[in-house]
Structure formats: C-alpha cells, structure tokens
Amino acid sequence: NKYASPSKDKNGEAFMTMDDFVRSCTDRSHADEKGGDSLRIANTYNILRSAKGIMRINFSDYCLFHLLMARPDPEVDIAFLLMDRHRRGYITLGDFKEYVNGHFADGTWRKGSFDIKCDFVKRFFDSHGQNVIRIEEFPQFFVHLQREIGAQA
C-alpha cells in the first residue's frame with residue numbers, strides 16, 4: 001500500500017502503475033550496495049514495459065513479480081511468461097511466432113525482419129515446428145535467441 005496508487009479498477013481492487021511498481025522495487029533500503037538490484041529491476045521493467053497491455057499491476061501480480069525477481073534470472077522467467085501466452089508451461093512455434101510478430105513489428109525492427117525460417121528456429125522447434133520449449137530448456141533457448149537477434153540485425 002505504501003506505493004500503490006489510490007486508484008481502483010472496475011472491481012474495486014487497488015492497483016499499482018508500472019511506475020509505482022518500479023519505485024517499490026528500487027527502494028534503496030532493499031537494494032544491494034553495488035546497485036545490482038536496481039539494474040535487475042530496470043531490465044525487468046524494460047521487458048515488462050514492452051509487453052502490450054500491462055500498464056498496472058494488482059496485488060497478486062505484484063507478489064508474482066517479487067517472487068520472480070528473487071530468482072537468479074528474473075528477465076528469463078518473465079520472457080518465458082510473455083512467450084507462453086496460453087499458460088501451458090511450454091512454448092510452441094505458434095507462440096514464438098506470435099511473440100516475434102508482436103515485438104519485432106513495433107518499430108524496433110522492420111515488420112517481418114526476424115527470419116522465422118532460420119536454422120535457429122529449426123534447431124529448437126524442429127523443421128516441422130513440432131517441438132516445444134519447456135521452462136527447463138528456456139534459459140538456453142533465450143541465450144541463443146539473443147545471439148540470433150544480434151546475428152540477424
């Protein structure tokens with residue numbers, strides 16, 4: 001409540017704006033001495049900001065994000081959640097295509113500039129797109145995705 005907006009949604013539930021959320025996470029009394037927490041929060045915030053439609057956070061989301069941020073790689077966990085749109089616990093080629101189309105078509109890249117038929121996609125989803133990426137495999141997939149984005153840029 002210290003950081004939550006006085007606003008309530010249509011159901012009467014209090015919420016935090018994204019700015020409220022980041023402010024609550026970067027409270028200096030909880031940050032480490034080297035500023036590492038602030039950097040992790042800023043990176044996580046940037047991932048969340050790029051997600052369309054997430055402009056406020058209710059209490060249950062706030063708890064989830066704090067749980068994720070206590071993990072070693074919250075950016076990876078949040079990226080998985082953003083790609084797993086149907087909340088099945090795995091990512092299909094269709095989920096990945098939706099993510100790519102939604103994130104690379106927003107002006108950051110030209111629409112369709114990520115080659116979805118590249119060897120990277122075939123390696124992880126197979127040539128017929130039948131494989132799925134589970135949470136256990138996702139950190140490796142995410143590292144390779146970042147490399148592929150750099151190679152295609």
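1. Is Asp84 buried or exposed in this structure? Asp84 is buried, because its relative accessible area is 3%, and buried here stands for under 20% relative accessible area, exposed for over 50% and partly exposed for what lies in between (1.4 Å probe, protein chains only).

2. The structure is a predicted model, in which local features need pLDDT of at least 70 and side-chain atom pairs count only at pLDDT 80 or more, while totals for chains, interfaces and linings use all residues. Residues are numbered from 1 along each chain as its sequence is written, and side-chain values use heavy atoms, with hydrogens and water left out.

3. As for the overall layout, the protein chain has seven helices and four strands, where helices (H or I, at least four residues) and strands (E, at least two) are DSSP runs numbered from the N terminus. Their order along the sequence is β-α-α-β-α-α-β-α-α-β-α. The protein chain has 153 residues, of which 37% count as buried. Among its contacts (heavy atoms within 4.5 Å) with a separation of 6 or more, 57% are between residues 24 or more positions apart.

4. Returning to Asp84, this residue sits in the loop between α4 (74-83) and β3 (90-91). Although buried, Asp84 has no salt bridge, and Arg88, the nearest side chain of opposite charge, is 4.7 Å away; a salt bridge requires a side-chain nitrogen of Lys or Arg within 4 Å of a carboxyl oxygen of Asp or Glu. A polar atom of the Asp84 side chain does, however, lie 3.1 Å from the backbone nitrogen of Arg88. Neighbours within four places in sequence aside, Asp84 is in contact with Gly89, Tyr90 and Ile91. Asp84 and Ile133 are 49 residues apart in sequence, and their C-alpha atoms are 9.6 Å apart in space.

5. Glu137 belongs to the loop between β4 (133-134) and α7, and Glu137 counts as partly exposed because its relative accessibility is 38%. The side chain of Glu137 reaches the backbone nitrogen of Arg134 at 2.8 Å.

6. Helix α7 (residues 138-152) has 15 residues, and from its first C-alpha to its last it reaches 20 Å, close to the 21 Å expected at 1.5 Å a residue; the expected span is 1.5 Å times one less than the number of residues. Phe138, Phe141, Phe142, Leu145 and Glu148 are buried in α7. They lie on the same side of α7 because they cover an arc of only 125° around the axis, the arc being that of the directions from the helix axis to the C-beta atoms. Gln140, Arg147 and Ala151, on the other side of α7, are exposed.

7. Helix α3 (residues 59-69) holds the buried residues Phe65, Leu68 and Met69. Seen down the axis of α3, these buried residues fall within an arc of 95°, and therefore line one face of the helix. The exposed residues Phe59 and Leu67 are on the face of α3 turned away from its buried side.

Notes: Lys and Arg count as positive and Asp and Glu as negative; His and the chain ends are not counted. A polar contact is a pair of N or O atoms within 3.5 Å; within protein, one must be able to donate a hydrogen and the other to accept it, and residues adjacent in sequence count only if both atoms are side-chain atoms.
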